[in-house]
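Please keep the sequence and the coordinates at hand while reading.

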Amino acid sequence: MEHDEDEEPPLAVQIQRDDDQSISQQSSVGVTLITGYLGSGKSTLVNHILNSQHGKRIAVILNEFGEEIGVERALINEGEEGAVVEEWVELANGCVCCTVKHSLVQALEQLVQRKERLDHILLETTGLANPAPLASILWLDEQLESDVKLDSIVTVVDAKNVRFQLKEHRGSSSFPEAYFQIAFAKALELWRNSRRKSITLTHSSFNYIMFKPWQTRIWLEEILWEKKHDMDVYRCKGVLSVQNSDQLHTLQAVRELYEIVPARKWKKEENRVNKIVFIGHNLKEDVLISSLRALATC
Ligand SMILES: Nc1nc2c(ncn2[C@@H]2O[C@H](COP(=O)(O)OP(=O)(O)OP(=O)(O)O)[C@@H](O)[C@H]2O)c(=O)[nH]1
């Protein structure tokens with residue numbers, strides 16, 4: 001091949017780089033996994049983070065069992081200014097550590113591809129999630145590796161009930177979720193000093209009912225305190241439409257402790273619904289439904 005000795009070599013051209021863009025492409029978004037047993041205070045912690053003045057753009061991924069959808073989000077108040085949550089993703093139909101892994105990966109991919117870059121992602125698991133498979137998704141998935149990274153696993157522990165939760169499974173061949181959640185934690189949040197069955201009371205006929213809070217309290221106390229129907233209710237949570245109130249009320253119970261409190265105003269476009277989730281042993285759906293119906297007709 002002949003070379004023209006006089007030919008000038010091509011000039012090296014400086015590539016103009018948008019520094020901000022290159023930095024943002026290099027750095028990955030941190031994911032904090034918030035785990036902990038049923039009713040330990042995960043949503044309360046998420047609420048606290050979202051309402052703190054940190055100026056960060058945070059997305060929240062909530063994992064709920066199918067029928068709980070909508071309840072969990074109602075229990076987390078978005079900040080007064082409304083801009084604290086950049087994006088909500090609700091993963092339904094199972095536990096994120098087993099059956100909805102694929103949706104989690106998709107949700108993470110979508111979040112990191114957003115035009116507006118996120119500063120952080122909070123992933124709140126169900127109370128019965130084992131964090132190990134989740135940690136491995138966030139560590140090993142090559143496609144995700146460059147965009148998201150596992151920042152930490154925070155396990156919220158209910159100091160009042162943790163001993164009971166751990167003892168309950170002693171001697172059984174399977175480890176309880178509570179063990180795994182604590183074993184994998186980078187940080188333990190100590191709040192408040194076997195598979196369970198979950199029943200969701202949600203029926204179109206309940207949606208037009210406006211409950212009286214004092215009657216609802218009596219109904220709940222009969223179930224939780226007096227064990228009137230011989231059910232072992234570990235956790236109960238829900239949203240209620242209450243008489244003479246424009247506020248959506250939330251119902252929260254962990255064992256015998258419970259509260260029914262106004263959370264926020266019902267939105268104009270929103271249907272006032274009633275939805276209550278029970279988690280425990282020996283739950284009797286027919287008894288719960290009939291006693292709740294009786295309450296509504298009082
Ligand atoms: N006294 C007290 N109550 C708390 C504390 N943290 C949470 N709670 C209450 O415990 C109940 C359950 O709290 P959540 O934050 O909904 O618990 P969770 O872990 O998200 O519950 P699940 O999603 O069902 O697993 C609510 O009534 C909270 O108000 C705490 O530090 N002290």
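## Model and confidence

The model is predicted. Its scores are ipTM 0.96 and pTM 0.71. The mean pLDDT of the chain is 74, and 63% of the residues reach at least 70.

Where pLDDT is low, predicted coordinates should not be read in detail.

## Overall make-up

The chain contains 10 helices and 11 strands. It has 298 residues, of which 47% count as buried. Its accessible surface comes to about 16600 Å², and carbon and sulfur atoms account for 50% of that surface.

## Ligand site

Which elements supply at least two residues each to the shell around the ligand? They are helix 2 (42–50), strand 8 and strand 9. Helix 2 gives the largest share of the shell, 3 residues. There are 18 residues around the ligand, and those that come nearest are Lys42, Ser43, Thr44, Arg235 and Lys237.

For Lys42, a polar side-chain atom is 2.6 Å from an oxygen atom of the ligand. For Lys237, the corresponding distance from a polar side-chain atom to a ligand oxygen atom is 2.8 Å. Ser40 takes part through its backbone, where a polar atom is 3.2 Å from an oxygen atom of the ligand. On its own the ligand has 650 Å² of accessible area, and the protein covers 80% of this.

## Aromatic pairs

The structure holds 3 aromatic pairs. One of them joins Tyr37 and Tyr234 in an edge-to-face arrangement, with 5.7 Å between the centres and 75° between the planes. The angle counts as edge-to-face because it is over 60 degrees. Both partners are buried: Tyr37 has a relative accessibility of 3%, and Tyr234 has a relative accessible area of 1%.

Trp225 and Tyr258 form another pair, which is tilted, at 6.0 Å centre to centre and 55° between the planes. Trp225 is in the loop between helix 9 and strand 8, whereas Tyr258 is in strand 10, so the pair ties together parts that are 33 residues apart in sequence. How accessible is Trp225, and what is its relative accessible area? Trp225 is partly exposed, at 48%. Tyr258 is buried, with a relative accessible area of 19%; the cut-off for buried is under 20%.

Asp230 and Met231 both belong to the loop between helix 9 and strand 8; helix 9 spans 213–224 and strand 8 spans 232–241. Is Met231 buried or exposed? Met231 counts as buried because its relative accessibility is 2%. Not counting residues up to four places away in sequence, Met231 touches Ile223, His281, Asn282, Leu283, Lys284 and Leu288. One of these contacts, Lys284, is 53 residues from Met231 in sequence, while the C-alpha atoms are 7.2 Å apart in space.

Asp230, in contrast, counts as exposed, at 53% relative accessibility. Asp230 has a phi near 60°, a positive value in a residue other than glycine. Most residues other than glycine have a negative phi.

## The loop between strands 9 and 10

Arg255 is not a glycine either, and has a positive phi of about 50°. Where does Arg255 lie? Arg255 is found in the loop between strand 9 (247–254) and strand 10 (257–265). Arg255 counts as buried because its relative accessible area is 15%.

Technical notes. Residues are numbered from 1 along each chain as its sequence is written. Side-chain values use heavy atoms; hydrogens and water are left out. Helices (H or I, at least four residues) and strands (E, at least two) are DSSP runs, numbered from the N terminus. Buried means under 20% relative accessible area, exposed over 50%, partly exposed in between (1.4 Å probe, protein chains only). Contact means heavy atoms within 4.5 Å. pLDDT is the predictor's confidence in each residue, from 0 to 100. Rings of Phe, Tyr and Trp (its six-membered ring) pair if their centres lie within 6.5 Å; planes under 30 degrees apart count as stacked, over 60 as edge-to-face and the rest as tilted. A residue is near a molecule or strand if one of its heavy atoms lies within 4 Å of it. A polar contact is a pair of N or O atoms within 3.5 Å; within protein, one must be able to donate a hydrogen and the other to accept it, and residues adjacent in sequence count only if both atoms are side-chain atoms. Accessible areas come from the Shrake-Rupley method with a 1.4 Å probe; for residues, only the protein chains shown count as cover.
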